[in-house]
Amino acid sequence: MDKDIDTEAQRQQALSELEKSLGVRACITDPSKRGFVAGGLDWLKLYGFGSPTTADLLTRLEKAKSRLKDGGREEWVELAGMTWRVEAFGDGKGSNNLPYVLTCAGLRLALGSRAGSGPVAMIEAQGSYCAGRDPQQLHKELKEIVCKAGVNPDRFIVSRLDIHGDMAGIHLSTFVKVFASGGVIKRAKKWSLFGEGNFEDVSGLYFGKRGRGAYCRIYDKVRELERDEDKYKNYCAAHDLAELPSALTRVEFELNGEWFRDEWRDSDSDAVFDRLGTITEYLMHQWLRFCSHVNRNNSQDSKPCSWWKYLGLKMAQQMHGFEKRSQKPRPIPRTSKYLDQIRGNIAGLVGGKLGQGPADIAIAFNRYVFPLFRESDHEKFRDSLETKCLQHEQRLGEWEHWCSQGLAEAG
C-alpha cells in the first residue's frame, strides 16, 4: 500500500490484509515506559490586514530584489531585530501575491503595499521554529515581528495551523490494530495507509484530505527522525531528551483557514487562540477517536482507549498556554492505594481458594490477577487502571523536572 487508498474495495482489501495479523486488543503492558513526550504547534501561518508596509522599507526591498534578478549575490535586511534573507521570487501562491518574501531560521515573511481588502503581510513559522515553544507565546511573537517590521495590521487571520502530540511507548502498530478492528470514530470520509505487510510495517495512517478542512496524520516519529541526523539532534535538544524512546508516535492535525471559518465561524487569530484548547479537545474526541469499545448506535457512548484519552488531555493542556496554568505540577496520584485496595479485596479469595498466606498475597496478585485483567473482557476497569499508571509516571517526571529546576535556580 504505497499510495492513497481511494476506493471502498481497496479499503476493504487493505483491512482484510491487516486483520490477518490482528491479535488481541492493544493494551498497555508496561506503563512505566509510556507517556506524553512533546506537544504544541508544528506550523503556524498568519495573514495580516490593515495599513500597508512603510514606503521606505518597500523601496529597500525593491532595490534588493532587483539586484538579485540581475544576478547579484545574496541580499540581507535587518527587520524586527533579526537578519532576513531576501528572496528573488514573490507574487506566488504561498505568499498570496505579496511581492517581497524574506526568510530567517524557520520563519517566512511576505510583505506588500496592497490596500483594501487584501492582506498586507504574511508570516509563517515552520516546524523547526515551532518546536519546544509555547503556542500562545508563539502566536504573540509572530504578530510582534510583523508589527516591528514596519507593518501595522489591525487584524490577523489563521491560514494554517498544525497541532501535534508525541506519545512514547505506543507504537504506530497499536493505532493501526485498533483502526483495523473497527475501533475508530471519525468525521473524515477519506482515509489512507502507507506501508506494506503487517501492522509493524505500516509507516503512516491518515484521515481526511490535505488542504480540505481538517487533515490528520499519525506516523512513526522515530522512523522519520532517524532519516535525518540534524532533525534528530534538533528534536532531542528542543525537548530536553538524551535519546529518543524506542517507540514514539506522532498525532498531528493540519487545519486551514477555511476549516476555522466553517467549523468555528471565525478564523481571526485572537479568537482561534483563545479557544485553542477547546478546539484540540474537539479534534481528539469528536473529529477522531480511537476506542476500546464502540457503540455504533450512539458514537458518543464509545469509550476512548486510555492512551488516546490521555494524549488528548495533554495536547489540550499544551494549547491553553503554559503561563495560564500553575507553575507547580499537579500532585502525583497514589496508584499504590488502588493496588492495596484490590489486594485487600482478593486476600480472602486468594487465601481460601489457592491456599496462599498473607505474606504471599502480593506474589499471588501479580501471578493471577494482572494476567486476568489483561486477558479478560473487563476493558473499562483495565483502561481506568492503565490511565492511573500513565498519570503516575507522567506527573512523577513533571515533579522531578520541577524540583531539578528549583535546585538549579537556588544554586
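Colleague: Which residues does Glu75 touch, not counting those up to four places away in sequence?

Modeller: Glu75 touches Ala64, Arg67, Leu68, Trp84, Arg85 and Val86 once residues up to four places away are left out. Bear in mind that this is a predicted model. Glu75 itself is found in strand 2.

Colleague: Is Glu75 buried or exposed?

Modeller: The limit for calling a residue buried is a relative accessible area under 20%. Glu75 is at 14%, so it counts as buried.

Colleague: Which side chain does Glu75 meet in a polar contact?

Modeller: That of Arg67, through a polar contact of 2.8 Å between the two side chains. Arg67 is also one of the residues that Glu75 touches.

Colleague: Which residues of helix 2 are buried?

Modeller: Leu57, Leu58, Leu61, Ala64, Lys65 and Leu68 are the buried ones. They lie on the same side of helix 2, because the arc they cover around the axis is only 130°. The general idea is that an α-helix has 3.6 residues a turn, so residues three or four places apart point the same way.

Colleague: Which exposed residues are carried by the face of helix 2 turned away from its buried side?

Modeller: Ala55, Asp56 and Lys63 are the exposed residues on that face.

Colleague: What do the buried residues of helix 2 pack against?

Modeller: Four strands: strand 2 (75-79), strand 3 (82-86), strand 4 (100-104) and strand 5 (107-111). Just after the helix, Gly71 has a positive phi of about 90°.

Colleague: Where do residues other than glycine take a positive phi?

Modeller: Ala80 is one of them, with phi near 55°. Ala80 sits in the loop between strand 2 and strand 3. Ala105 also has a positive phi, about 45°, and its place is the loop between strand 4 and strand 5.

Colleague: How is the accessibility of Ala80 and Ala105 classed?

Modeller: Ala80 is partly exposed at 24% relative accessibility, whereas Ala105 is exposed, with a relative accessible area of 66%.

Colleague: Turn to helix 4, residues 135-148. What caps its N-terminal end?

Modeller: A cap is read from a side-chain atom set against a backbone atom at the end of the helix. Here Asp134 does it: one of its side-chain oxygens lies 3.2 Å from the backbone nitrogen of Gln136. Helix 4 has 14 residues and reaches 20 Å, close to the 20 Å expected at 1.5 Å a residue. Its buried residues are Pro135, Gln136, Leu138, His139, Leu142, Lys143, Ile145 and Val146. After helix 4 comes Gly150, with a positive phi near 110°.

Colleague: How many disulfides are there?

Modeller: A disulfide is called when two cysteine sulfur atoms are within 2.5 Å. The count comes to 0. Cys291 is in no disulfide, and the nearest cysteine sulfur, that of Cys305, is 6.6 Å away. Cys291 is buried, with a relative accessible area of 5%. Cys236 is buried too, at 7%.

Colleague: Where is Gln300 found, and what is it in contact with?

Modeller: Gln300 is in the loop between strand 13 (288-293) and strand 14 (303-304). Leaving aside neighbours within four places in sequence, its contacts are His285, Gln286 and Arg289. Gln300 is partly exposed, with a relative accessible area of 45%.

Colleague: Which elements have the lowest and the highest mean pLDDT?

Modeller: Helix 1 (residues 8-19) has the lowest, 55, and strand 12 (residues 248-256) the highest, 95. Over residues 1-5 the pLDDT is below 50, although this stretch has 19 contacts in the model beyond near neighbours in sequence. Residues 19-32 are also below 50, with 27 such contacts. Where pLDDT is low, the predicted coordinates should not be read in detail. For the protein chain the mean pLDDT is 78, and 67% of residues reach 70 or more.

Colleague: And the chain overall: how many helices and strands?

Modeller: The protein chain has 14 helices and 14 strands. Of its 411 residues, 48% are buried. Among contacts with a separation of 6 or more, 66% are between residues 24 or more positions apart.

Terms used
Residues numbered from 1 in each chain as written. Predicted model: local features only at pLDDT ≥ 70, side-chain atom pairs only at ≥ 80, totals over all residues. Heavy atoms only, no water. Buried < 20%, exposed > 50% of the residue type's maximum accessible area, 1.4 Å probe, protein only. Helix = DSSP H or I, 4+ residues; strand = E, 2+ residues; numbered from the N terminus. Arc of directions from axis to C-beta. Contact = heavy atoms within 4.5 Å. pLDDT = per-residue confidence, 0-100. Polar contact = N/O pair within 3.5 Å; in protein donor to acceptor, adjacent residues only side chain to side chain. Expected span 1.5 Å × (residues − 1).
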